[in-house]
4 protein chains.
Amino acid sequence: MHLSLKYKEIREQSVAFCSHLHIEDYAIQVVQFASPPKWHLAHTTWFFETFILKPYLKDYTVFNPDYNFLFNSYYNNAGDRILQANRGNMSRPTTAEILEYRTYVDTKMLNFLEHQTDKTIIDLVILGLNHEQQHQELLVTDVKYMFGHNPIFPVYHSDYNLVKDHNSTTGSIHVKAGIYTVGYQGNGFCYDNELGVHQVYLNDFEILNTLVTNGDYIDFIESGGYTDFNLWLDDGWSWVNANKIAAPLYWHNIDKEWHYYTLSGLQKVDHDAILTHINYYEANAFAEWKDMRLPTEFEWEVAAQHFRWGKRWEWTNSAYLPYPNFVKEHGALGEYNGKFMSNKMVLRGASVATSNHHSRSTYRNFFNPSESWQFTGLRLVK
Amino acid sequence: MHLSLKYKEIREQSVAFCSHLHIEDYAIQVVQFASPPKWHLAHTTWFFETFILKPYLKDYTVFNPDYNFLFNSYYNNAGDRILQANRGNMSRPTTAEILEYRTYVDTKMLNFLEHQTDKTIIDLVILGLNHEQQHQELLVTDVKYMFGHNPIFPVYHSDYNLVKDHNSTTGSIHVKAGIYTVGYQGNGFCYDNELGVHQVYLNDFEILNTLVTNGDYIDFIESGGYTDFNLWLDDGWSWVNANKIAAPLYWHNIDKEWHYYTLSGLQKVDHDAILTHINYYEANAFAEWKDMRLPTEFEWEVAAQHFRWGKRWEWTNSAYLPYPNFVKEHGALGEYNGKFMSNKMVLRGASVATSNHHSRSTYRNFFNPSESWQFTGLRLVK
Amino acid sequence: MHLSLKYKEIREQSVAFCSHLHIEDYAIQVVQFASPPKWHLAHTTWFFETFILKPYLKDYTVFNPDYNFLFNSYYNNAGDRILQANRGNMSRPTTAEILEYRTYVDTKMLNFLEHQTDKTIIDLVILGLNHEQQHQELLVTDVKYMFGHNPIFPVYHSDYNLVKDHNSTTGSIHVKAGIYTVGYQGNGFCYDNELGVHQVYLNDFEILNTLVTNGDYIDFIESGGYTDFNLWLDDGWSWVNANKIAAPLYWHNIDKEWHYYTLSGLQKVDHDAILTHINYYEANAFAEWKDMRLPTEFEWEVAAQHFRWGKRWEWTNSAYLPYPNFVKEHGALGEYNGKFMSNKMVLRGASVATSNHHSRSTYRNFFNPSESWQFTGLRLVK
Amino acid sequence: MHLSLKYKEIREQSVAFCSHLHIEDYAIQVVQFASPPKWHLAHTTWFFETFILKPYLKDYTVFNPDYNFLFNSYYNNAGDRILQANRGNMSRPTTAEILEYRTYVDTKMLNFLEHQTDKTIIDLVILGLNHEQQHQELLVTDVKYMFGHNPIFPVYHSDYNLVKDHNSTTGSIHVKAGIYTVGYQGNGFCYDNELGVHQVYLNDFEILNTLVTNGDYIDFIESGGYTDFNLWLDDGWSWVNANKIAAPLYWHNIDKEWHYYTLSGLQKVDHDAILTHINYYEANAFAEWKDMRLPTEFEWEVAAQHFRWGKRWEWTNSAYLPYPNFVKEHGALGEYNGKFMSNKMVLRGASVATSNHHSRSTYRNFFNPSESWQFTGLRLVK
């Protein structure tokens, strides 16, 4: 597909997801890590303006000079910015103004791309589109977080339940000990943190074809999983007690029956559906309870060609650290991934909220071990 | 004026003020003490529904049973409620739904009032209207706080500058020592905290006809007022240092000139206009610097018949405590005033944001000594 | 008594109280507001060194120049100092070094006082001795706080139970409405905050001869006093819930029987003894439950000539604010009282931990409404 | 050496280190992670009492039943315990009582060990002695922290400067790509986290023989290392800004010259001595500035046979995670290491504060990336 068409298609998807929202929904920030929808719409636009139009389009006039301060996310090289926690304090610019901003930048971009052949620019646009897709996933999870914490549990759309998938296979895969090659080797797009193809030595292991289900996890809860300190990492046990956790995010026990908030509203938990919204500590405690363990990211990557993945981001037991020979880009784009390489765990795969064609088996997602507002799941290794 | 007309007029004023807002503005909460406009619109409606329609209108059906949880402010007797800090986390119900709620309740109320003669009910309606007027003032100050903390300083309305008033007189008033009677003695409406008419002994004092101006306060700032600990109460000095305060709320020094945010946008400070948005600690430090003092609430009440007031809520040096023979009502309405009688200072008068006919010389307003988002000012006693 | 003798006697009492401590006890700080005993011993010495020896004794050499930084409490005019919360982080100077410091300063002081006739100096010494006595009371309450929060409840001294006093009278006193004079009128020592003798108008009131007992308070607890929000001030109710309070400080319900920590160890609560260690919120809620109220500080002062007081500091319903014509001294000693006149309530009387001859009926003690580690009690007004 | 002798020797070393302290020094806790010396002396004794005497010595009577609550560190399986942050709030039991406790337990232990042949018990004693040695290192670092944060910088001992070592070699070591075996393979003592000998694939790398010196680090500081965000991990940059960090722990710039606190007092920084007291973020930023990197823990382990180590705990770029086939023991001793495997980075080697014979090249130490009160250093990889 021509890059302009791809640009148009992907950019439109962000707005399309928001079409079911009311204006008030665009503006709210419930928690520091979940940004308001209008902020996502503006920030992804700022990304194209800042990294492509301003440096490469001759005589480009910025839409509004204040927007660099308002819509920079975390790029120190791109200047000062509002605190992440304050994104929801800005009722202005309004959603309408931000949609105008998108139109303004898109018009310039589409013109600019029409006969574009410069490899540097094309690579930046592809990066910008992948960036947009990452924010499309955050739009879904951030809206879910906002609605899931509203006591009246608003329905995003009656036909938008992302937590109903079931496992389609059973059994497990056995991988033999030996040297394996990991990291991205193709010619398409990948992030810098996937590069540095290298060899790793893996021991024999057996990994399940199936993801843990809600029913499995209810067994864990009912057998006292949240009260047995021997199952938990020390930090996890502190998290459980400080926050009085007794079930996954969005779960509510109503009249002795488990319910969860979905984007289609509050529903009974489907025992056979795949579990989601657990954090690393919960994943780890569950594995401990099962007397099994999480895969490392390399075990996962090697085995992933043999099982079906993509419904849940899967927690691994690997910390997010640089590959050998990892090279950080200069300037702002070097801040995209590298600077987050501490205190985070790697997730592999993709989820039901991930845009089409956005993931691959070498993709490294990463979150704090206490976070669970992504569609996270769990696959066990014996 | 017939009560129905008065009801209609006052209720309409709340919505009228909001007519200059965009939808996003209705939903945002920037700080715990400043609620979103749509919350104010809903809460004042809930007040009539809860204290009049539900107990007194036969067969009344509540608009939405969830609203009691969402829009109760602080009445423990009226049941559980969301935390004050979470009022801005609720994008739903939308503004449109809340306006429907207002219409629903207003229709019932107007019907109910048409031939209403029951004194208890009439008194409750008048209380509800006074309550609505208090929230009208909060609407103004809360919107100002939201816009004043947005880095792009949105304009509420180009012709809505509430901080431009000047003193119209000079000189001072001398009050002789003796016994004076204080507290509300009329036949109209007053709050329970004004009752308990009683006598107090006052010493001789002389109180200024004028309120402190911006120019006076700039002198204080420029002579090092914010850095001289001898001028400050201990709690005030902690507040200055913890928050790195160097000027009143909304003031910004831009290119060595003082500006302030007004509802008409950012403007140069008018040196001759009356100072506002100072807290008790600042008022006290300024008085100390002038070698004068604040009046007590009783000095103010006795002298107020002789000077013009109503532009600023005026800090007094009286703690908010019960009058002799103060009687708290039973049930939820007993929570209206009495339970706040600790850690607060009394303000007397009214401000440019106060609704017409809402104040009187016996009115006792009260805030924490660190708060300054109301239109607060300062009158000195020699 | 000659001033030198008085100096010697009072200074020795501080050390005498500490003679029952082990060295570790001198160094610990459990909570910000309760200082380590060795800090009290040093700070009271620093007071004489700073305000008398340094300015008035020719050629005086300070014992150790670091001590000004370490042992200044809150006098901004006397220079920088360690944070109050860090007083317990300093194992050095050791107790032995601080006792040397005391000896050094006392020797100089006693010499200096021998033929001293300068009124300014004599007044400062008397202030310093009153200051020492205030810290003697804090020594008792701070040691009690430290031991009372140690899970093994150490015994300070087997014969040092300060909470065993009973009421010796019954009945009440009726005071007639009228103008009364309040404030210190004698020739002896008083603090600046007692000055400004002035007139107040009091209404008729009736005040009890007796202080509330433990048994009275157990009735309050057992009738649900800590769970009925209607009895509490709003700030008090927040305090109860945030801290899960269900009984006074130092009380423990063991096998369904109330015990309290005393300086003689953990004991069963004596129902007939006078209640202590309640804060203002608890005092207020109890009065509300009894359908009575606390006296104001002026009611107390006027009535105090008629009842026996001195066993408990008694909470009043007066905020700590300046008297008319209050004059703050210049310099550091002006910080002694005046700067604390916000967010505090007045207590009147004295307690079993107060040094002899240290109090009088005009004495104004003041604490935050949430504090209860002093020997605080409660007298009711009808 | 016979186990009894070893027991005696190691136990005596803990007390010997404390012999230079004053009694006040034993009791203080300045920060949550650094415990009071008397707590260390008691806790290591509790370890022998709890895991050996109570389960294995027939008719053993505990010294004091309260001590289990007071001196358990983090073993959930061993029951409730005081919060770590409250260890310094307990002036009692006194140091003298704790030394009695040591004598009591040591007497029982030495008796019990005399003809002991039970392998389980002998292994537990060896674990207990290694545990004691870990606390000996903490005694040094915790006392340094306490004294280093006292504004008068007490001298522990005039001849106890642990930061004066210099590098004795230069150059670097080249390790070829290939499969290497890691993990403990000997017959002596090791911790459970070193077990699971396994193979890893390493790429070619070159590691320096020398540790980074103070002079090297001063270059980093003076070239703006603490202000260039591009050098820092995102969490590190937050740490720098939140804490206003501009130099390593214990460093002070006095009259434009760098000084540091040592256990022999405040001294000028020796430019040629080996750097210490940097955290992981600082180590990482320094490596980034040098355009080099930290070794992984396996690179370090493989190369360590070729260079001299043991002066500083060396930060690696490996997260602390379980080895393949890691097996956690059942019960309390399973909590020794395994539950801390999240949010920590591995350090390898040993330091000048480590007891003799306590470390080995497979030893895995671990701390939070923000911690630097251990004698931590840095070795670079090209």
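# Reading interfaces and local geometry in a predicted model

User: What is a salt bridge, and which side chain of chain A meets that of B:Asp25?

Analyst: In a salt bridge, the side chain of B:Asp25 meets that of A:Arg92, at 2.6 Å from N to O. The term requires a side-chain nitrogen of Lys or Arg within 4 Å of a carboxyl oxygen of Asp or Glu. Two salt bridges are found across the interface of chain A and chain B. The model is predicted, so local features need pLDDT of at least 70 and side-chain atom pairs count only at pLDDT 80 or more, while totals for chains, interfaces and linings use all residues; side-chain values use heavy atoms, with hydrogens and water left out. Residues are numbered from 1 along each chain as its sequence is written, and chains are lettered from A and ligands numbered from 1 in the order written.

User: How many residue pairs are in polar contact between chain A and chain B, and which elements supply the side of chain A?

Analyst: A polar contact is a pair of N or O atoms within 3.5 Å; within protein one must be able to donate a hydrogen and the other to accept it, and residues adjacent in sequence count only through side-chain atoms on both. Eight such residue pairs, both partners at pLDDT 80 or more, join chain A and chain B. On the side of chain A, the elements giving two or more residues are H2 (23–27), H4 (67–71), H5 (95–114) and H6 (119–148), where helices are DSSP runs of H or I with at least four residues, strands are runs of E with at least two, and both are numbered from the N terminus. H2(A) contributes the largest share, four residues.

User: How much area do chain A and chain B bury, and what is the figure for chain D and chain A?

Analyst: Buried area is the accessible area (1.4 Å probe) lost when two parts are put together, summed over both. Chain A and chain B bury about 2300 Å², with 62% on carbon and sulfur atoms. For chain D and chain A the value is about 2700 Å², of which carbon and sulfur give 48%. D:Tyr201, D:Asp234 and D:Asn343 lose the most area in chain D, together 19% of what that side buries. Four salt bridges cross this interface, and one pair of side chains that meets in a salt bridge is D:Glu288 with A:Lys328, at 3.4 Å from N to O.

User: What describes two packed helices, and at what angle do H7(D) and H9(D) pack?

Analyst: H7 (214–222) and H9 (280–289) of chain D pack at about 80 degrees, with axes 11 Å apart; the axes are lines fitted to C-alpha atoms over the stretch in contact, and angles run from 0 to 180 degrees between N-to-C directions. H7(D) is therefore roughly perpendicular to H9(D), a label covering 65 to 115 degrees. D:Asp216, D:Tyr217, D:Asp219 and D:Phe220 meet D:Glu282, D:Ala285, D:Phe286 and D:Trp289, with contact meaning heavy atoms within 4.5 Å.

User: Which peptide bond of chain A is cis, and which residue has a positive phi although it is not a glycine?

Analyst: Most residues other than glycine have a negative phi, and most peptide bonds are trans. A cis bond joins A:Arg92 and A:Pro93, with omega about -5 degrees; A:Pro93 is in the loop between H4 and H5 of chain A. In chain C, a cis bond likewise joins C:Arg92 and C:Pro93, with omega about -5 degrees. A:Asp59 has a positive phi of about 60 degrees and lies in the loop between H3 (37–56) and H4 of chain A.

Methods: Angles under 35 degrees count as roughly parallel, over 145 as roughly antiparallel, 65 to 115 as roughly perpendicular and the rest as oblique.
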